[in-house]
Structures are given as structure tokens and as C-alpha cells.
Amino acid sequence: MTDAKPTTATAPAGGVEAVDRALSIVGCFQAGDHALSLTEIAARTGLYKSTILRLTVSLEKAGYLVRHQDKSYRLGAELMRLGGLYQRSLRLEDHVRPVLRQLMRESGESASFFRREGAWRICAFREDSTQAIRDHVHEGDRLPLERGAAGHALTRFAGEVSAADVAALPLLSFGERESETGAAAVPVFSQREGLIGALTLSGPLTRFTEKRVAVMAPLLLAAGRRLSETLGGHYPDPAGTAGSAAPESRRPDAPR
């Protein structure tokens with residue numbers, strides 16, 4: 001007999017059930033969560049509180065969780081250590097960070113580098129705009145893959161790329177993830193991995209006008225190509241695509 005709440009999701013084949021449950025507890029934390037109560041963890045994971053209490057003992061010992069006096073939980077320092085190891089193992093920061101800083105200075109908007117991790121996109125590196133009003137994304141944030149310009153770049157360029165795909169760059173999104181945020185993104189390629197991530201400029205919709213996007217687009221395209229070349233990647237050839245269809249994602253008030 002299992003002590004997990006019945007769910008409609010099918011359990012993945014293979015693996016160790018106790019480990020899967022423990023990882024689901026750590027993985028249920030989202031951007032903006034300072035701490036979660038036992039009730040909130042149970043609601044997000046579908047596990048019984050008794051199961052969570054047993055598993056959190058091991059997670060606390062390993063440094064993945066910290067338990068507060070009010071019996072709520074926050075993520076532990078071990079995850080920060082592993083996150084640092086993850087970033088250093090990629091050996092990307094020395095190449096990506098200067099590109100993001102230049103993009104931010106030239107465009108005035110926040111610049112980010114996203115990588116795909118399963119069904120999510122992770123903000124690996126970020127340079128915030130110096131403007132008072134900006135969108136708020138932090139390094140390490142896990143965002144939906146199916147919403148936002150970076151997510152579109154990470155999915156659309158993961159397989160065979162057509163001339164129309166290249167002609168549509170940069171990919172745009174207006175209010176998809178956050179109703180007041182706009183973004184533009186291009187893919188980045190490396191020699192070893194192929195599609196390795198997406199460069200993104202993002203900010204409030206009020207600054208993502210047609211005129212401003214026309215300024216940002218060539219900056220972003222040049223940065224994506226330059227970074228890909230630095231990483232030994234082959235950037236899609238835009239030859240012969242001039243005059244093709246405009247980007248698919250339009251501002252809500254743009255003519256269709």
C-alpha cells in the first residue's frame with residue numbers, strides 16, 4: 001500500500017520512488033517563494049504530510065532544505081553550492097556575461113541567457129537593466145518553456161531549421177508570461193551541443209514599441225551570431241530569406 005495521494009499523472013518508468021518524491025519536494029519551490037508550509041508542499045506535490053515529514057528529515061540533513069521555527073521550509077545552501085558547480089561546469093559564463101552586458105548597455109533593456117532543462121527554461125545568466133522600471137527575472141529562475149520569446153527560440157530551433165524560421169528572428173512575445181512584459185530572443189549554438197541556449201532582451205511592454213524593437217533586433221541578432229561563433233557553433237544561414245514573413249508574435253495592437 002502506498003502513502004502517496006492518488007494523482008492522474010503517470011509515474012515515470014524506472015527510478016526509485018522515494019528519491020522521486022524527495023526531488024518533487026525540492027522541485028515544488030517556485031520563483032518568489034521564501035518558505036513553504038507543510039500544507040503548501042502537500043498541495044503542490046500531491047504527497048501526504050506524513051510522507052513529506054519523513055523525506056524532509058533526509059533533505060534537511062543533506063542541506064537541501066532548512067526548517068524554520070514556525071515549521072515552514074525554505075531551500076538550503078547545498079542547492080546554491082550545486083548551482084554554482086553547474087554554472088562553472090558549463091564554462092559558458094566567461095563568454096556569455098560580456099555579451100549580456102553589451103546588449104544591456106546598447107539596448108537599455110535587461111539581457112538574459114536561457115537554457116532548456118526538460119520541460120522548462122532556466123535563466124542561467126542575467127544582466128538587469130539600469131532603468132527603474134524593468135521586468136524581474138533572476139539567475140536560476142525556472143520559467144515555462146511554452147510561453148515567452150526565449151521558450152519559443154529553444155523549441156523552434158531544437159530540430160530542423162527552415163528559411164522561414166531564420167527569417168522570423170528575433171522571435172517576439174508580448175504579454176505571454178507576464179501581461180505587462182515584452183521580449184525578443186534568438187537561439188545560440190555551440191559546436192558540441194548544437195542549440196545551447198537563447199539570448200533574450202526583455203522589459204515592460206511600454207518600451208517594446210515597433211520602433212524600439214527595430215533598434216533591438218539587429219543588436220540581438222548580431223550578439224547571437226557572435227556568441228555562437230565564439231562557441232564554435234553553426235548559425236543558421238539567412239541567405240535568400242530577405243523579405244520573408246515577419247516574426248509570428250506581434251504586439252496585441254499590431255495589424256494582423
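Q: What's in the chain, in helices and strands?
A: The protein chain has eight helices and eight strands. Keep in mind that this is a predicted model.

Q: How much of the protein chain is buried?
A: Of its 256 residues, 43% count as buried.

Q: And what share of the contacts comes from residues 24 or more positions apart?
A: They make up 56% of the contacts in the protein chain with a separation of 6 or more.

Q: OK, cores. How many residues has the largest nonpolar core?
A: It has 44 residues. L103, F113, L199 and L227 have the most contacts inside it.

Q: Which elements give two or more residues to this core?
A: Among the helices, α5 (93-107), α6 (149-156) and α8 (210-230) do. The strands are β3 (110-117), β4 (120-127), β6 (171-174), β7 (181-190) and β8 (194-204).

Q: Which gives the most?
A: That's β7, with six residues.

Q: What other core lies apart from it?
A: There is one of 15 residues. F29, L36, L55 and L65 are among them.

Q: Back to α5 and α8. How do their axes sit?
A: The axes come within 10 Å and cross at roughly 165°.

Q: Parallel or antiparallel, then?
A: Roughly antiparallel, because an angle over 145 degrees counts that way.

Q: Left-handed or right-handed crossing?
A: α5 passes α8 in a right-handed crossing.

Q: Which residues meet there?
A: From α5, they are H95, V96, V99, Q102, L103, E106 and S107. From α8, they are R212, M216, L219, L220, A223, R226, L227 and T230.

Q: How does the contact of α5 with α8 split by class?
A: Eight residues are nonpolar, four polar and three charged. Two of the residues in this contact, L103 and L227, are also among those with the most contacts inside the largest nonpolar core.

Q: New topic: V66. Where is it found?
A: V66 is in strand β1, which covers residues 65-67.

Q: What does V66 touch, leaving aside its neighbours within four places in sequence?
A: V66 is in contact with S72, Y73, R74 and G76.

Q: And how far is V66 from T56?
A: They are ten residues apart in sequence. In space, V66 and T56 are 8.9 Å apart, C-alpha to C-alpha.

Note on methods:
Residues are numbered from 1 along each chain as its sequence is written. This is a predicted model: local features need pLDDT of at least 70, side-chain atom pairs count only at pLDDT 80 or more; totals for chains, interfaces and linings use all residues. Side-chain values use heavy atoms; hydrogens and water are left out. Helices (H or I, at least four residues) and strands (E, at least two) are DSSP runs, numbered from the N terminus. Contact means heavy atoms within 4.5 Å. A nonpolar core is a set of buried Ala, Val, Leu, Ile, Met, Phe, Trp, Tyr and Cys residues joined through side-chain atoms within 4.5 Å. Buried means under 20% relative accessible area, exposed over 50%, partly exposed in between (1.4 Å probe, protein chains only). Axes are lines fitted to C-alpha atoms, for helices over the stretch in contact, and angles run from 0 to 180 degrees between N-to-C directions. Angles under 35 degrees count as roughly parallel, over 145 as roughly antiparallel, 65 to 115 as roughly perpendicular and the rest as oblique. A crossing is left-handed if the near helix is turned anticlockwise from the far one by less than a right angle, and right-handed if clockwise. Ala, Val, Leu, Ile, Met, Phe, Trp, Tyr, Cys and Pro count as nonpolar, Asp, Glu, Lys and Arg as charged, and the others, Gly among them, as polar.
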